[in-house]
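Dear colleague,

Please find below the structure that I am handing over to you.

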Amino acid sequence: MDRETLGQRIRALRIRQGVSQAQLAFPELSDSYISLIESDKRVPAPSVIELLAAKLSCSPTYLVSGVSEDVVDELRVTLDYAEIALQNGAAAEARARFAEVLANADAVALPEMLHQARWGHALALEAAGQLEEAIAGLRALTAEASADADLDHWSKVHVALSRCLRERGDISASVQVAEEALRHLIAIGADSTDAAVHLGAALLAAFIERGDLVRARQLAGQLIERSERIGSPRARMAAYWEAAYVAEVRGEYEEGVALAERALVLAGEEPEGGLSADPRNLHRLRIAYAGLLLRARPDQAGRAHDLLTRVRGEINASAAGEIDVAWCLTELARAEIALARPAEAAELAEQALDLLGDAPRRATAWALTVLGEACVRLGRRDRAIDVLTRAATHLEEMESSREAAQAWFDLAELLAETGAPPEPRMAAYRRALTCAGV
């Protein structure tokens, strides 16, 4: 059934109250203007809508949408609850509440609320690890978003889409989304903005996953230069964070630690400090910092372990989804290996895998790799070969050529150590060379 138009609604309310067009118009408007509004030949300005709502004893929201104030209040409470649930890491609850708003027939007449629910629902799906559904929702939102109307939100939906595609393993599509969005910002003269830095950070992460380290390092330098010019702490934090990631991938661990510490300071926290920035991003940054400490300074594995343990305890109080929790568990497992506690490491890696399931994604491959190393230390060679094969296969399927090559090489070395027949060992070496482009 079609909803009443704004004009029809005004006319119905006026007639119900026994008021003529001239009486409704007096003294601010003309009766001819009221006639044009009621026949939907004129769209009144917001100030006029407020004036008419006061005269007709209803809310401006009802006049525009036809939805009663009670229903609007109920939907707003549900949205607020969903946002709080998402921020508190209750992804399933947030998803259900956002879906409740989306299923409400009255929400169609409330475009701002409907958009808020769709955006929140997509983020809740991502946090719950339902990447396919999240990507579908984000694609629809990017198609409707306007950089001219709201640059920050336009950037956020593109960054989220690129991030989800990267996490799913569709690296080429992740690069394409970020590159096209950046080209658009350059075209409209918005390349020196926070939005451009955050999109650049998303593109840089995709370059790294694709193994394009030369372009990644060039872009990292450009992002730092641009963010320093802009001066925004938020943009500078993102730039230094991604530059730390590049340094880690290149094996420049000490440089990565220094860059991550710079990002932490910009986030409003010293490396050992307390929460003062956005909890979700801060937890991610602290996990990355701890991972760099493990690689750069193995003698500080205890410090990294303590930091990760603290993050693990706090992470449920943020918008952390299953992937973030699994990443924390995986890095904590790395710390346990460094501390010569492989049994504890294996248990943590298994917990991460239980959260992630069997879908090929970066976080799954990382957890499998750590589990494989723990199994080697425990003498469980058959189990190690099984999980490392799965890790390498996942990475290869996800276009992560650099990491896949390393995983196949590590597997070949393990097969050699265990005295396995030459055929599987040579096959693993060949897969490593293929992934490396040799």
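Helices α5 (60-65), α6 (69-87) and α8 (111-127) each contribute at least two residues to the lining of the second largest pocket. Helices here are DSSP runs of H or I with at least four residues, numbered from the N terminus. A pocket is an open set of points on a 1 Å grid over the protein atoms alone, where a 1.4 Å probe fits, with protein on both sides within 12 Å along at least five of seven lines; lining residues have an atom within 4 Å of a point.

The model is predicted: local features need pLDDT of at least 70 and side-chain atom pairs pLDDT 80 or more, while totals for chains, interfaces and linings use all residues. Residues are numbered from 1 along each chain as its sequence is written, and side-chain values use heavy atoms, without hydrogens and water.

The lining includes Pro60, Val72, Arg76, Glu112 and Gln116. At least three lining residues come from each of domain 1 (6-66) and domain 2 (69-85 + 92-119), with bounds from an automatic or database domain assignment.

Overall, the chain has 23 helices and zero strands, and 50% of its 438 residues are buried.

With kind regards

Technical notes. Buried means under 20% relative accessible area, exposed over 50%, partly exposed in between (1.4 Å probe, protein chains only).
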